[in-house]
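I opened this notebook to keep track of what I looked up in one structure. The entries follow the order in which I looked.

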Amino acid sequence: MNKKTILTMILTGFLGLTQAQNTNTSSEHVKSATAISKVLGDGRKVTTVVLEYDSPISNKSLSTDSYRVEGKEVTRVYANNAPETTTQGTNGQYVIIEVKAEVDLQAQPKQPTQADLEKKKERDRMQGGPGLRAGWSTGGDDEYPGNAVVFQTGNIKTTKGKTYKANETPIESTEEKCLVADDFQQFEFISPYTGQVLPYNLYLPEDYDPNEQYPLVLFIHDAGVASGPVKQTLYQGNGATSWAEPEAQARHKCIVVAPEYPFITVDDNWNYSHHLDATIALLKDLQTRYSIDSNRIYTTGQSMGCMSSIVMMLKEPDLFAGALLVAGKWNPSLMGPLDKQNIWIISCEGDTSSNSLQGQAVEIWRKQGSTVSEATWDMTLTPEQFSEEADKMRAKGNHLLFTHLTGGNHRATWFVAYGIEGVQDWLFEQHK
């Protein structure tokens with residue numbers, strides 16, 4: 001073997017080794033994967049995945065074809081030198097993957113398996129709230145995951161020219177963050193009547209000052225998450241988080257309280273449990289510990305939460321300055337006294353039970369001499385258009401309002417109701 005052949009073999013081996021060292025799978029170089037979610041009207045949804053690499057990544061090597069996120073549509077992919085979204089990518093050790101996240105007006109809860117139904121049956125037997133009819137479901141099975149699974153579908157390069165090859169190894173999120181919902185604190189309140197525990201979530205303004213008085217918004221969830229984890233009421237929709245969004249706080253700084261009920265609080269036979277008395281006691285307790293404007297305490301809730309709000313308003317007519325009642329109902333013959341309170345009802349036309357019974361209550365109020373503003377809105381309007389329609393109703397100056405959303409279904413009502421600025425503005429205008 002001559003010297004030229006030996007030299008060629010050595011160079012070939014060296015180049016092969018170099019090529020092997022410069023071509024690696026990406027998953028082994030990912031130090032962390034963070035799934036960032038946001039709560040929309042129909043629940044928590046992942047909006048961004050942040051991958052942290054062991055070396056800076058070339059922004060030019062990235063495109064929307066570089067990654068696939070399981071169950072999501074990738075809209076933007078870029079590098080950054082900080083673990084955050086930006087309008088313009090730059091070389092850095094973080095790869096930002098933005099995915100499509102929008103409200104699905106037709107979204108339905110997951111269908112229960114036979115095992116879920118058996119679990120519900122046992123939970124009903126053990127946890128049936130006092131006064132509620134036997135067998136009334138206690139919910140608790142709706143899920144709103146905040147994790148993500150990513151696959152690298154294209155080759156990417158580091159700023160030093162090393163290639164991380166595409167591969168099918170799943171990159172699972174190692175951390176989850178939920179915008180706004182993570183700003184709530186979790187506590188427990190002991191009912192002075194039964195000694196039972198009522199878990200709740202509490203949001204305080206970022207610059208909370210005990211020398212300043214704040215309005216308080218109480219949000220009550222629907223039956224779908226009853227007996228779930230304490231933070232489930234924050235994830236099921238934006239009925240709680242919408243008031244704590246940075247934009248909302250900039251307009252109306254407030255405290256937000258969102259209990260997580262261990263049982264169903266009301267049923268369709270107009271029965272209710274002692275947990276509503278515990279909720280009233282919680283509000284009075286919070287007033288002794290935080291700087292709350294007692295003339296500006298508001299209640300809102302969807303479905304079961306709407307019905308619970310109505311019961312508390314009837315029990316304590318001087319407690320709330322205003323109420324936003326979403327996709328709920330109550331016995332119309334009992335709602336006559338509420339015509340003196342400040343109420344905005346929102347219901348979908350497709351939710352026959354809520355729309356009809358609330359409409360009957362409105363007619364009772366009119367017969368008692370009250371004026372009620374009533375309007376129908378297309379539920380596919382943009383947030384800006386919704387707010388414009390709300391402002392038109394506000395301009396009439398009435399303290400009783402009833403909005404019908406075209407079509408839709410029971411759940412779709414709260415998919416849009418809590419994101420309307422004009423409705424929020426109306427609520428904060430109400431004082432006792």
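**Entry 1: the whole chain**

I began with burial: of the 432 residues of the protein chain, 54% count as buried. I note here that the model is a predicted one. I then looked up the secondary structure and found 10 helices and 20 strands in the protein chain. Next I looked up contacts between residues at least 6 apart in sequence, and 71% of these join residues at least 24 apart.

**Entry 2: the nonpolar cores**

Which residues touch the most other members of the largest nonpolar core? I found Leu216 and Trp365, in a core of 47 residues. I listed the contacts of Leu216, leaving out residues up to four places away in sequence: Ile255, Val257, Leu283, Leu286, Ile292, Arg296, Ile297 and Tyr298. Another core lies apart from the largest one and has 46 residues, including Phe184, Val225, Ile346 and Cys348.

**Entry 3: aromatic rings**

I looked up the aromatic pairs and got a count of 14. I took one of them, Tyr298 with Phe428, for a closer look. The ring centres are 5.5 Å apart and the planes are at 80°, and the pair is edge-to-face. Tyr298 belongs to strand β16 (residues 292-302) and Phe428 to helix α10, so this pair ties together parts that are 130 residues apart in sequence.

Are the two residues buried or exposed? Tyr298 has a relative accessible area of 0%, so I wrote it down as buried. Phe428 is at 5% relative accessibility and counts as buried too. I also found that Tyr298 and Phe428 belong to one aromatic cluster with Phe219, Trp243 and Tyr418.

Arg44 lies over the face of Tyr235, at 3.8 Å from the ring centre.

**Entry 4: Cys254**

Where is Cys254 found? I located Cys254 in the loop between α4 (246-251) and β15 (255-259). Its relative accessibility is 0%, so Cys254 counts as buried. Neighbours within four places in sequence aside, Cys254 is in contact with Tyr203, Pro205, Pro215, Val217, Trp243, Gln249 and Phe428. I also looked up Cys254 and Gln213, which are 41 residues apart along the chain, and their C-alpha atoms are separated by 9.0 Å.

**Entry 5: two helices in contact**

I went on to helix α8 (residues 383-394) and helix α10 (residues 421-429). Their axes come within 7 Å and cross at roughly 35°. From α8 the contact uses Ser387, Ala390, Asp391 and Arg394, and from α10 it uses Glu421, Gly422, Val423, Asp425, Trp426 and Glu429. How many residues of each class make this contact? I have three nonpolar, two polar and five charged residues.

**Entry 6: strand β4**

Tyr67 has 3% relative accessibility and so counts as buried. Its contacts, not counting residues up to four places away in sequence, are Leu51, Tyr53, Leu62, Val74, Val77, Val95, Ile97, Val150, Phe151, Gln152, Thr153 and Ile156. Tyr67 and Val150 are 83 residues apart in sequence, but C-alpha to C-alpha they are 6.8 Å apart in space.

Val69 is also in strand β4. Val69 is buried, with a relative accessible area of 2%. Under the same exclusion of residues up to four places away, Val69 touches Val74, Ile97, Val99, Ala148, Val149 and Val150. The C-alpha atoms of Val69 and Thr153 are separated by 9.9 Å, and these residues are 84 apart along the chain.

**Entry 7: positive phi**

I looked up backbone angles last. Most residues other than glycine have a negative phi. Ser303 is not a glycine, yet its phi is positive, about 55°. Ser303 lies in the loop between β16 and α6 (304-315). With a relative accessible area of 15%, Ser303 is buried, because the cut-off is under 20%.

Ala327 is not a glycine either, and I found a positive phi of about 55° there. Ala327 lies in the loop between β17 (322-326) and β18 (343-348). I noted 1% relative accessibility for Ala327, which counts as buried.

Key. Residues are numbered from 1 along each chain as its sequence is written. This is a predicted model: local features need pLDDT of at least 70, side-chain atom pairs count only at pLDDT 80 or more; totals for chains, interfaces and linings use all residues. Side-chain values use heavy atoms; hydrogens and water are left out. Axes are lines fitted to C-alpha atoms, for helices over the stretch in contact, and angles run from 0 to 180 degrees between N-to-C directions. Helices (H or I, at least four residues) and strands (E, at least two) are DSSP runs, numbered from the N terminus. Contact means heavy atoms within 4.5 Å. Ala, Val, Leu, Ile, Met, Phe, Trp, Tyr, Cys and Pro count as nonpolar, Asp, Glu, Lys and Arg as charged, and the others, Gly among them, as polar. Rings of Phe, Tyr and Trp (its six-membered ring) pair if their centres lie within 6.5 Å; planes under 30 degrees apart count as stacked, over 60 as edge-to-face and the rest as tilted. Buried means under 20% relative accessible area, exposed over 50%, partly exposed in between (1.4 Å probe, protein chains only). A charge sits over a ring if NZ of Lys or CZ of Arg is within 6 Å of the ring centre and within 35 degrees of the ring normal. A nonpolar core is a set of buried Ala, Val, Leu, Ile, Met, Phe, Trp, Tyr and Cys residues joined through side-chain atoms within 4.5 Å.
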